[in-house]
Amino acid sequence: MSRFIRWPGLAAFFVIVALGASVWLLMVDYAVRHVIEKTGTKAVGARVEVADADLSLFPLGLEITGLQVTHPNSPMRNAVVVEKIRMNFHTGEIIKGNKVVEDLSATGVGFDKPRKTSGAIAKKEKPSGASEISVAEKMREKLGRLPSATAESARQIIANEQLETLKQAQTLQQEIADARDRFSKRLENLPDQETFAGYKKRINDLKGGSGESGGLLGTLGRAGQAGEIRKDIQADLRALRETRQDLADTREKLQTGLADLRAAPGRDARRLTDKYALSPKGIGNMSALILGPKYAGWVENSLSWYLRLSPHVSAMMEKSRETEKRRRGEGIDLRFASRRPVPEYWIKTARVSADMGGMDVSGQISDIASDPRVLGRPLVFDFAGVGADNAGSVKINGRLDRTNPEHPADRADFQIREHTLSSLQLLDQDSMSVVLSKARLDAVDGSIRVAGAELDAEIAADLSDARFDVNPGGKEHFLVRALASALGDIRSFDVAASLGGTLTQPEMSIDSGLGDVLKASLSRDLEKHRAQMQQHLKQAISEKTGGAIDETESGFSALDAIEQELKKRLNLGASIL
């Protein structure tokens, strides 16, 4: 017997097998887990963690437990968690080099769960999702924002504003100063008391010399000199009158400016009221102001994930094509045409059960492939779920069609019936929060389509048995009280939302009967609040600008002094004639 068995060789075989098995048991699971975490973290831009990975040979499969995918924008929350993923590989295709999964099951799937530690990673460069986040912020801006409900006093407002009253006062003061300087210089060149004293002396000299040169010629000569003196005096008086008239015209114009300056605080008050106070006209799209931030957040999150993962899917397809080209060029591992071509990566069927907003949702995804062109079929998904005690239902189905990579066409349709919502935060500002504490979604129907970069989505929802909570962030404000009162009377409303534009420049709109109810309820209170705010602003502005207006008015005293001097000189000249 011993001649037929080479004991040293058999012992070496068992040693090699034992070593190989040991390495397999010790290393392969760790390596698989490391690859999953490294690849996932790179794709998501945040930490992806796996509690355990178990690669089995008989049957060939992989089991992953405790998968956590950190939300890249909220490092303390997991975007997705999965308790267990089990997949069975197609052994024959694996031998051929194709990673084909016959079936995959994912159980215990949950979304938006808290983490114990941060899942943020150091980023060397701007993440791919950064640009779409800024786009989402632009969408919120287009929807409008509810004005701050902080209890800003009129003095706080004007402390941060440039008042047109002060600018206008400064301008008018300069105009008055220029007029004063201009007429003061002009006055220096006009006949004054000394001038008229000279006229008196000439007249007296003429009178005193009347007896020295008698005769007709002497009389005629003195008459001629008297006439010249009279003409000179009249010319000087005319110059004084013209200057006085110019001064009067200038003063009248400046007085008009002063009257306009006194009205400027009122204009400033109205301007700042329009800026800081919510008007009935401004609440025309109140539904967008209340519901828009939440809707924008959902769109932001969806677009962020879509744009974040799409480049990796495209890269996988490009890699598949490049690999195929390189192999043909190198002349090795040449693939011949197959009756049933198979993509390099292909999950035939994935069954998923998840908790979505309190509903147990399950369904399957078919044909997750690296190159759908090879299959000639798109990825298709179909899910359905019910709430606890059969309360409410949800259906989601759709397809990601990349069979023609140049013209991708994705679509998802969903329906929700009789689902109860609770504690849905609609608005979260420093000064106020609005929470839909309870409501029943009677019906929600929606469809989302992405054709290339073009977006097209429509959602219609009917809600009933609604309860809102409106809370001030700090000091209670008029708007918080008014909004709480208005929302307190609303029990049912509808919502119609749409999304258009492109993936990088989406256009979002939202409308609801909620807006009409709020507008009707808030209009009277808003008008009253606006009037009070405008009055307080006018009073505060008048206090702040009163000194500037008084200083401007005091500048007229210099012009009055010039006018008095002109009047004095005119009287003096007239007394000589």
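Modeller: Phenylalanine 13 sits in helix H1 (residues 7–44); helices are DSSP runs of H or I with at least four residues, strands are runs of E with at least two, and both are numbered from the N terminus. This is a predicted model, so local features need pLDDT of at least 70 and side-chain atom pairs pLDDT 80 or more, while totals for chains, interfaces and linings use all residues. Residues count from 1 along each chain as its sequence is written, and side-chain values use heavy atoms, leaving out hydrogens and water.

With a relative accessible area of 48%, Phe13 is partly exposed (buried is under 20%, exposed over 50%, partly exposed in between, with a 1.4 Å probe and protein chains only). Phe13, Phe14 and Val17 together make a nonpolar surface patch of about 310 Å². Patch members have over 30% relative accessible area and no salt bridge, with nonpolar side chains joined within 5 Å and like charges within 9 Å; the areas are Shrake-Rupley values with a 1.4 Å probe.

The largest core has 84 residues, and Ile290, Phe468 and Leu518 have the most contacts inside it. Helix H8 (residues 286–330) supplies the largest share of this core, 11 residues. A second core of 26 residues is separate, and Ala179, Phe183, Ala264 and Leu559 are among its members.

Now for the charges. There are 29 salt bridges in the structure, each a side-chain nitrogen of Lys or Arg within 4 Å of a carboxyl oxygen of Asp or Glu. In helix H5 (residues 164–188), Glu164 and Lys167 lie three residues apart, about one turn, and they form one of these bridges, with the closest N and O atoms 3.8 Å apart. Both ends are partly exposed: Glu164 has 40% relative accessibility and Lys167 has 41%.

Helix H7 (residues 215–276) places Asp268 and Arg271 three residues apart, so about one helical turn separates them. Their salt bridge brings the closest N and O atoms to 3.0 Å. Here Asp268 is buried at 2% relative accessibility, whereas Arg271 is partly exposed at 32%. Arg267 and Asp260 also meet in a salt bridge, 3.2 Å from N to O; Arg267 is partly exposed at 32%, and so is Asp260 at 36%. Elsewhere, Glu418, Arg440 and Asp442 are linked in a network of salt bridges.

An unreviewed UniProt entry lists residues 230–257 as a "coiled-coil region". In the model, that stretch is 100% helix and 0% strand, with its end C-alpha atoms 41 Å apart.

Finally, the strands. S12 (residues 493–501) pairs with S13 in the antiparallel sense over seven bridges (pairing takes at least two DSSP bridges), and a hairpin of four residues joins S12 to S13. Ala497 has Ile510 of S13 as its bridge partner. In a regular strand, side chains alternate between the two faces of the sheet. Strand S13 (residues 506–512) has Pro506, Met508, Ile510 and Ser512 on its covered face, with Glu507, Ser509 and Asp511 on the uncovered one.

Conventions. UniProt positions renumbered as here; feature names shortened; annotations may be inferred. Core = buried A, V, L, I, M, F, W, Y, C linked by side-chain atoms within 4.5 Å.
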